Amino acid sequence: MPDKLSDYLPYAIGAGAVAISFMILSRFFSTKAPAAASRVIMGKTQQATFGGGCFWGMEKWFKSEFPGVHEAKVGYAGGTTKNPTYEEVCTGKTNHAEVLRVLYDEDSVNYEDLVKFFFRMHDPTTLNRQGNDRGTQYRSVIYYYSPEQEASAKKVKDEMQASGNFKDPIVTEITAAPEFYEAEAYHQKYLERNPGGYCNHKIRF
């Protein structure tokens, strides 16, 4: 056992190094993310869902227009059948619409801008139809997730109707978001994988 203070120094230095090393390793190998960081990420991420004809074109145009959209999934919503297939939706008996759900960063994407773009890239005046696509699954619809989204969607719809860009009345439905059913894998990113594939959407004004 050491009998004077200077003899303790090597032990103290060694113990301190071990403690510091342990703290560093614990930080790097911890499986828990900082709670504050998780809250920030979730707080900035919002969702929006739109139906405006074939969902292939919806996905293509929204992803190209808004870099702040970090996830886009096509699927089905608004009907009565749980977990519907594409074939079932196409019969018109499920009452589901083909829709696009996007997750976006609210710091870089404004919800009203999403709604305005939605009205610009499809025809909201044709009931249950977009171009050659006919049926209830092709209806124009906005599904909102909060009172703020509902108010914004109705405000933009009124502005669009008064803008003079549409000769006929806008028939877009605005309703609370129902359950979203993700479409089959072969529908996801369809036009990215098939650049020459079918798309009847375009920027109209």
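**Exercises on helix packing and burial in a predicted model**

Of the contacts in the protein (heavy atoms within 4.5 Å) with a separation of 6 or more, 77% join residues 24 or more positions apart. The model is predicted, so local features need pLDDT of at least 70 and side-chain atom pairs count only at pLDDT 80 or more, whereas totals for chains, interfaces and linings use all residues. Residues are numbered from 1 along each chain as its sequence is written, and side-chain values use heavy atoms, with hydrogens and water left out.

The secondary structure comes to 7 helices and 8 strands (DSSP runs numbered from the N terminus: helices are H or I with at least four residues, strands are E with at least two).

**Exercise 1.** Describe how helix H3 packs against helix H5.

Solution. 
- Two packed helices are described by the angle between their axes and the distance between the axes.
- H3 (residues 55–65) and H5 (residues 111–120) pack at about 135 degrees, and their axes are 11 Å apart. Axes are lines fitted to C-alpha atoms, for helices over the stretch in contact, and angles run from 0 to 180 degrees between N-to-C directions.
- H3 is therefore oblique to H5 (under 35 degrees counts as roughly parallel, over 145 as roughly antiparallel, 65 to 115 as roughly perpendicular, and the rest as oblique).
- H3 contributes Met 58, Trp 61, Phe 62 and Glu 65 to the contact, and H5 contributes Leu 114, Phe 117 and Phe 118.
- By class, this contact of H3 with H5 has 6 nonpolar, no polar and 1 charged residues (Ala, Val, Leu, Ile, Met, Phe, Trp, Tyr, Cys and Pro count as nonpolar, Asp, Glu, Lys and Arg as charged, and the others, Gly among them, as polar).

**Exercise 2.** Describe in the same terms how H5 packs against H6.

Solution. 
- The axes of H5 and H6 come within 9 Å and cross at roughly 40 degrees.
- H5 is therefore oblique to H6.
- The crossing of H5 and H6 is right-handed.
- Residues in this contact include Tyr 111 and Val 115 of H5, and Ala 153 and Val 156 of H6.
- The contact of H5 with H6 has 6 nonpolar, 2 polar and 5 charged residues.

**Exercise 3.** Identify the residues that touch the most other members of the largest nonpolar core.

Solution. 
- A nonpolar core is a set of buried Ala, Val, Leu, Ile, Met, Phe, Trp, Tyr and Cys residues joined through side-chain atoms within 4.5 Å.
- Among its 35 residues, Phe 50, Phe 62, Tyr 111, Leu 114 and Ile 142 touch the most other members.
- H5 gives the most to this core, with 6 residues.
- Beyond its neighbours within four places in sequence, Phe 62 is in contact with Phe 50, Leu 100, Leu 114, Phe 117, Phe 118 and Met 121.

**Exercise 4.** Classify His 187 and Pro 67 as buried or exposed.

Solution. 
- Buried means under 20% relative accessible area, exposed over 50%, and partly exposed in between (1.4 Å probe, protein chains only).
- His 187 lies in the loop between strand E8 (180–182) and H7, and counts as buried because its relative accessibility is 1%.
- Contacts of His 187, leaving aside neighbours within four places in sequence, include Trp 56, Glu 59 and Arg 193.
- Pro 67 is found in the loop between H3 and E2, and counts as exposed because its relative accessibility is 77%.

Terms used
Left-handed = near helix turned anticlockwise from the far one by under 90°.
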